[in-house]
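Have the structure open while you read.

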Amino acid sequence: MNAPLRDIPPVHRLTTDPAVSAYEGLLGRANVRVAVQAVLDRAREGAAKGAEIPPFERLRGEVLERLADDRRADLISVVNGTGVLLHTNFGRAPLAANALANAVQLGGGYTNLEFDLAEGKRGSRYDRVSLQLCELSGAQGALVVNNCAAAVLLVLDTFARDRDVVVSRGQLIEIGGGFRLPDVLRRSGARLVEVGTTNKTYARDFREAWSERTAMFMRSHPSNYRIEGFTAEVDAKTLAALAKELDVIAFEDLGSGAFVDLEQFGIAHEPTVAEEIATGMDLVAVSGDKLLGGPQCGIICGNTEHIETLKRNPLVRALRVDKLTLAALSGTLALYLEPSRLLEIPLFAMLHAGVAELRERAGRICAALADAGSGGAIRIAPCETVATTGGGTLPLASIPSAGISISSSDRSADEIAASLRSASPPVIGRTEDTAVRIDLRSVLPGQDAELIEVLRSLTIETKPQGGR
Ligand SMILES: *Cc1c(COP(=O)(O)O)cnc(C)c1O
């Protein structure tokens, strides 16, 4: 016999449930109502086909599950406990307060984005940020596009369409997310001429490959791997000089592109944009959200003539950046121009943090959980970790770090990791054998309190008695 439909609870009984209504602040009242209605509709359809009407608690559980799914589908903040500072999956570089303030202030109103205030006519959106980039790199000109992949595409399309681009076999890279240099070259209509071998390429290889069809000698930074041992590459200075002699363009896809010497943060020297420009390279392309620590964008620095030619390519219109990106980039670069403020860039603050300081944070977090942990099946303890820069930068850099290790006598590391991911905010750690490790170098210090709350609810949830 069919269950009477009146046994289905009214919508308001669920929307006024405290756990359900807590989602109103996160998802909006209308979305919570939609979720409740969908669960009740399903129960009604089931009942019409003769199924039992689930008890209230089960319906409530279904609603909460649905709301949690909705929440995860949103773009939300997460705690990055992986120790990978520039994680592409987590949006690479966190922005400096100065960059955000600039974006908030300029984004909320009208600006002189493309307006020349002195002349009262149309201006260029790239002028101001170019001045900062030129000052920092020593280049004559600069252009900003959507990302470094776009920068490479634009350079190749502008100068090498239907012509030859000579690249060392040791530098035909693939970066994450489907960016393969040979494919980008083909897409741009350029012809790839590979020279040398995987491990050794000499200047004479470039000279021999040169012909009337050659547009460019290109170098590409092997961002995410290293060839070690019996190797030779043509350095930027040698290649730039040879390009000048043979009247072709020398272009470097520097990728991660540091704008300051990273040795001050205890990691290996990475060629800076200024150093590359000083070698005589005509054009250098880098990412804005890797070692620069700014918003996603691609920066091309180079001599005036080539930058002006690039700006005339109609593709620039399709690859252009918006005012928010320019505001955030400009706010980031302003900190470089005032070196005492460099540590305001979150990436550098994270690199700069001492291991002792991170151990202390780990100690404080564990101490805050001492009461919650007692008697539970979860073990939380400080541990040593190794952080990396990530995002396809500095593949060999291993940065001593510290964090907390979470393990349990009755749950696997994968189960713990899944619980942490479903927390609010989600916490993503690294799973190692039987424990999940949270590296505190990549956890923004302002997130420690939230992390403590997530870990507290995890220990309560896992307590042998009285738990769920
Ligand atoms: C990361 C990288 C790119 C791609 O940069 P995006 O800004 O992510 O498009 C291109 N070239 C090199 C050498 C890189 O390291």
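## The largest pocket

The largest pocket has a volume of about 760 Å³. A pocket here is an open set of points on a 1 Å grid over the protein atoms alone, where a 1.4 Å probe fits and protein lies on both sides within 12 Å along at least five of seven lines. Grid points are joined across faces, edges and corners, and the volume is the space filled by probe spheres set on them.

Lining residues have an atom within 4 Å of a point; there are 24 of them, and I76, S77, V78, F90 and G91 come closest to the pocket's centre. The lining splits into 14 nonpolar, seven polar and three charged residues (Ala, Val, Leu, Ile, Met, Phe, Trp, Tyr, Cys and Pro count as nonpolar, Asp, Glu, Lys and Arg as charged, the others, Gly among them, as polar).

## Ground rules

This is a predicted model, where local features need pLDDT of at least 70 and side-chain atom pairs count only at pLDDT 80 or more, while totals for chains, interfaces and linings use all residues. Residues are numbered from 1 along each chain as its sequence is written, and side-chain values use heavy atoms, with hydrogens and water left out.

## The sheet

Seven strands make an open, mixed sheet, ordered β4-β12-β11-β10-β9-β5-β8. Strands (E, at least two residues) and helices (H or I, at least four) are DSSP runs numbered from the N terminus, and two strands pair if DSSP finds at least two bridges between them. At the edges sit β4 (141-145) and β8 (191-195), each pairing on one side only.

Further in, β9 (residues 214-220) and β10 (residues 249-255) run parallel and are joined by five bridges. One to look up: F217 has A250 of β10 as its bridge partner.

## Helices that pack together

Helix α8 (residues 148-160) packs on the sheet, touching strands that include β4, β5 and β9; contact means heavy atoms within 4.5 Å. The axes of α8 and α13 (residues 304-311) come within 10 Å and cross at roughly 95°. Axes are lines fitted to C-alpha atoms, for helices over the stretch in contact, with angles from 0 to 180 degrees between N-to-C directions. So α8 is roughly perpendicular to α13 (65 to 115 degrees). On the α8 side, L154, V155, T158 and F159 make the contact, meeting H306, T309 and L310 of α13.

S424 and P425 are joined by a cis peptide bond, with omega about 0°. R92 isn't a glycine, yet has a positive phi of about 50°.

Technical notes. Angles under 35 degrees count as roughly parallel, over 145 as roughly antiparallel, 65 to 115 as roughly perpendicular and the rest as oblique.
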